[in-house]
Structure formats: structure tokens, C-alpha cells
Amino acid sequence: MGIDEPKELENELDEEDQWQLYASAEYGSNYDADSDDEDTEVVEEEIWFDGDDFEMDGGNLDWDAPPCPAPLGIAHVIKLGVCDCCLSRISGSSPDKVAIDAGKELRGKAYDRDPELVSKISQEICPLCENLFDDVENIVSRVIDSLSGFEFSTLQFGIHLPKDLIQEEDRIRSKFGAQGSLPLKGALVRSIHERIAKENMDVVFVKERPDVMVLVDGLTLRVDVDVRPVFLYGRYRKIARGIPQTRWPCRSCRGRENGCESCNGTGLQYPDSVQDLIGEPIRSALGASDTSFHGMGREDIDVRCLGSGRPFVLEIKHPSIRDYKLQDLVQLVNENGAERVEVDELSWCNRPKVNEVKSSRSDKSYTIRFRVDSEIDSELVSDSILSLSGTEISQETPKRVSHRRADKVRKRRIVSVDSVAVEGDEVEVTLRCEAGTYVKELVHSDEGRTVPSFSGAIGAECEVIWLDVEDIHY
Ligand SMILES: [Zn+2]
Ligand SMILES: [Zn+2]
């Protein structure tokens, strides 16, 4: 038996974590001031008093203005050039939302109080948002465009803003804004949410595990949409030999696009794999881009896997459809995999199931048929093999896998030898072994690297003819 231990965990979980971290760091990160920001604050303060940060006619500005909602504070931020959206959010009139109308009204009242005010506005670009609120419409239409054709019910939104803008905004808001004013990033995200909600999209905005993650760059207005994968759990039976578990790139062209002559343009060494026999019909049904296959260990290409089958999680990437009748998917798989691979049922699961499946270790039952390279006494052969039932064996890393596995000795238990049948010079054995037992090596001893072995017990060379995984006791 080949690489029957769970493959080493790949970094996919890490990637996910990083995504989440990145996403959370972006999402409303104005709310947390980390120590870096505090340091900058001190420096900024000095620049502020030097007065060389604002290139504006300082003559009209009242640097000692009180914060909003005091009328003088409102007049001051209007002079600074804040837009109506920012005016509404820092004025104290509607601290928890962005209301352009409320901003307009406040501005009107301020102009009534001081008719000169309008001539004292120092710049047209809002120093708090660089007029980003004007772009909300644009951003939302890009988001909607990017999401068209995808089915989703939850969405996580992140916006990346230039650091200097965030600092500038924070400085002005904390000095002149009303207490509790919503910071720029939170306000922008909220106003984008509100705008998207108006589209009558049936979507819930979440801060973790979204169906769709949207990141907007506030500088370039670039919108990146990441449609998160969906996961299916099941158990497969491989009822034909010569099928690798996962796609196996062509040895000649290393699986390059459009392949080569020797792989008939497929890029694959073997036309079929469990991954694609199961994954392709599902990928196609869900309108997805690709799949990843996570098996609970794997059997060799020439080994069948029977019984209740081997547990796996199929990851379906960028699906357009996130829900599908499971029975129909099972049927599609079984039609596509006919006589090669089959599944009894499938169920939806989440990414943690990948880890669970990959790190699980369970006993397996095998049937193995081998040829003995000398005259044999069937009773003697039977007895020597049965005597290994319940024993522990030592296996050095098999030669055939030693190029990719650390060389070490593993102790594994033969839980039971359940049956031995001798026909001429061929022997068929059914046995149950602990996870990670190299069964082929148990038979032929791998030049003495597996002790004890069938070959050793019989006292003759043994050559494996075929091997089946009869069941995985998961
Ligand atoms: Zn603004
Ligand atoms: Zn090729």
C-alpha cells in the first residue's frame, strides 16, 4: 500500500487565515489605533503647528474653532472644504450614518448665519475623504458588475485607503468633529452597504466567512471580488485500476496548457483521476472555475478502493451557484464516473472539514494477491501468514517513496489477518492494518526493510499481483 498516511497539510488554511486577517485589518480598521498610529500622531501634531501641511489661505481659518456641533466648528470645517457627506457625519447631527441631505441642510443653515462663509471655503476637494463619497455610485456599480452571474447570500466588504488620507481625516475629525463621529472607512463602507441594499440584493453583510469577499482600493477604485469556494464531503469508491486520486501532470510537458504530443494535448499523464471524475461534473453544474481534491490519504494508482469508500472533501472554486440538489450531484458524478469511480452520497461542509479529513487516521482492510516464487506447502503458508495477526511490524521508509519521504522506521500494527487462500503459487490475503501501513512492503519485505513480512514468514520471495483497499474504518 502506498502513501497511505494523510498527506502533509498544505498551506491552504494559512492562506485562508491570511485572507481573513487582511480582510479584518481593512475592515473598519479605523476603530483600532495601533501603536504605529500613536507614534505618527506625535509627529503630525508638530507639522500641524508648523502649518506647512495645509496649503491654504490661513487668513480665513479659525484654528482655535471649537469642535462640531458648535456653529463655529461647523463653519470652520466648511471653510476647510468638507463635502456634505463628511459634514453630516462629523457634525454630530447624524453621527451614525452618512446623509448627504443632512449635510446640505447644515451647510444651508451655516450660510444663513454667515453669508460670507461661502467665499471663505479654502478648497474644493474635501480634506476628509478626497471626494470619495462622490465615487460611491461608481464603486457600487463596479461591485455589482463584478458580482454579476454569481450566487451569494453573504458579503464581506473591505476598503483600502491611502494611509496619509486616513491620518489626515483622523486628525481633522478628532480635532473638529463631534464626539462619536464615524471614521472615514467605516462611513464609506456603510454608505456602500446602504447603496447596495437599495439594489434589492438579498445579501447579508458579514465580517467573516462570507460567500463573497469584495475589496475596493480607494485610490484607484479598483474592485477585487473573491468568490469563496464551496465544499462537499463524501466517500469515493475507485472500482477500476490505473486511476490516480488527483490530476497527474504529464511527465513530458509537466502539464503545460494545451499539453504536448505524448499527452494528446491534455497536459495529463493519466486521462482520468478521481478528482476530475468526481469534480468535473460538479464544477460544471455549479459553474465553477476549478476544484481541489482533499482525500483522507490516497491509494496507489493501481489499487482499487472499495467498501464504503475513502472520505474526501471536494473544494469547488469560484462557483456561480452555491446550492444544488445533492442527489442530482451524486447522480451526475456516478454517470460521469461509470465503472471507474462512484459515490453514494455528498453533503455540504466547510473548510475545517478539509483539515479533519486530511488529519484523520484510521485502520484499513485490504485484500492483496501475490505470487510466491518457490514450491509452497499451502498449509504452511497459511499458518505463517495467520501467525502475523495482531503483531507489530517495523517498516523503514519504502525505497519507492524514499525520494520524497524522510527515511525513518515506523511501527505499525497488523490488527488482524482475516483470511488466507492459497491457489497454486498464488496467495490471496485479507487483513486489517493500522493507518500508514505499507501493505505491498509487508508482502515482499522491501529487501528486508519491513520486518516481519509475509516473504520472511514464508521464507520465499513474494511478488504482489494486485491490491484492493476493502474498507477504510472511518
Ligand atoms: Zn468628504
Ligand atoms: Zn504533455
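Modeller: A residue is called buried if 20 or more other C-beta atoms lie within 10 Å of its own, exposed if 12 or fewer, and partly exposed in between, with C-beta atoms placed from the backbone. This is a predicted model, in which local features need pLDDT of at least 70 and side-chain atom pairs count only at pLDDT 80 or more, while totals for chains, interfaces and linings use all residues. Residues are numbered from 1 along each chain as its sequence is written, and chains are lettered from A and ligands numbered from 1 in the order in which they are written.

Biologist: Why does Pro311 count as buried?

Modeller: Pro311 has 21 C-beta neighbours inside 10 Å, and it therefore counts as buried. The threshold is 20 or more. Pro311 belongs to strand S7 (residues 304–317); strands (E, at least two residues) and helices (H or I, at least four) are DSSP runs, numbered from the N terminus.

Biologist: Which residues are in contact with Pro311, leaving aside its neighbours within four places in sequence?

Modeller: They are Arg235, Met296, Val357, Ile472 and Tyr474. Two residues are in contact if their C-beta atoms lie within 7 Å. In the protein chain, 72% of the contacts with a separation of 6 or more are between residues 24 or more positions apart.

Biologist: How much of the protein chain counts as buried?

Modeller: Of its 474 residues, 33% do. The chain has 14 helices and 14 strands. In strand S1 (residues 154–160), five of the seven residues are buried, and S1 is mostly covered.

Biologist: What makes S1 a partner of other strands?

Modeller: Two strands pair if DSSP finds at least two bridges between them. S1 and strand S3 (residues 212–217) have six bridges, in the parallel sense, and S1 has two bridges to strand S2 (residues 204–205), also running parallel. Leu155 has Phe205 as its bridge partner in S2 and Val212 as its bridge partner in S3, while Ile159 stands opposite Val216 in S3.

Biologist: What is the order of the four strands in the open sheet, and what makes a strand an edge strand there?

Modeller: The order is S2-S1-S3-S4, with mixed pairing. S2 and strand S4 (223–227) are the edge strands, as each pairs on one side only.

Biologist: Why are helices H6 and H8 called oblique to each other?

Modeller: Helix H6 (residues 136–147) and helix H8 (residues 184–197) pack at an angle of about 60°, their axes 10 Å apart. Axes are lines fitted to C-alpha atoms, for helices over the stretch in contact, and angles run from 0 to 180 degrees between N-to-C directions. Angles under 35 degrees count as roughly parallel, over 145 as roughly antiparallel, 65 to 115 as roughly perpendicular and the rest as oblique; H6 and H8 are therefore oblique. Val136, Ile139, Val140 and Val143 in H6 meet Ser191, Ile192, Arg195 and Ile196 in H8.

Biologist: How do you know that the span of helix H9 is close to the expected value?

Modeller: The expected span is 1.5 Å times one less than the number of residues. H9 (residues 274–285) has twelve residues and reaches 17 Å from its first C-alpha to its last, close to the 16 Å expected.
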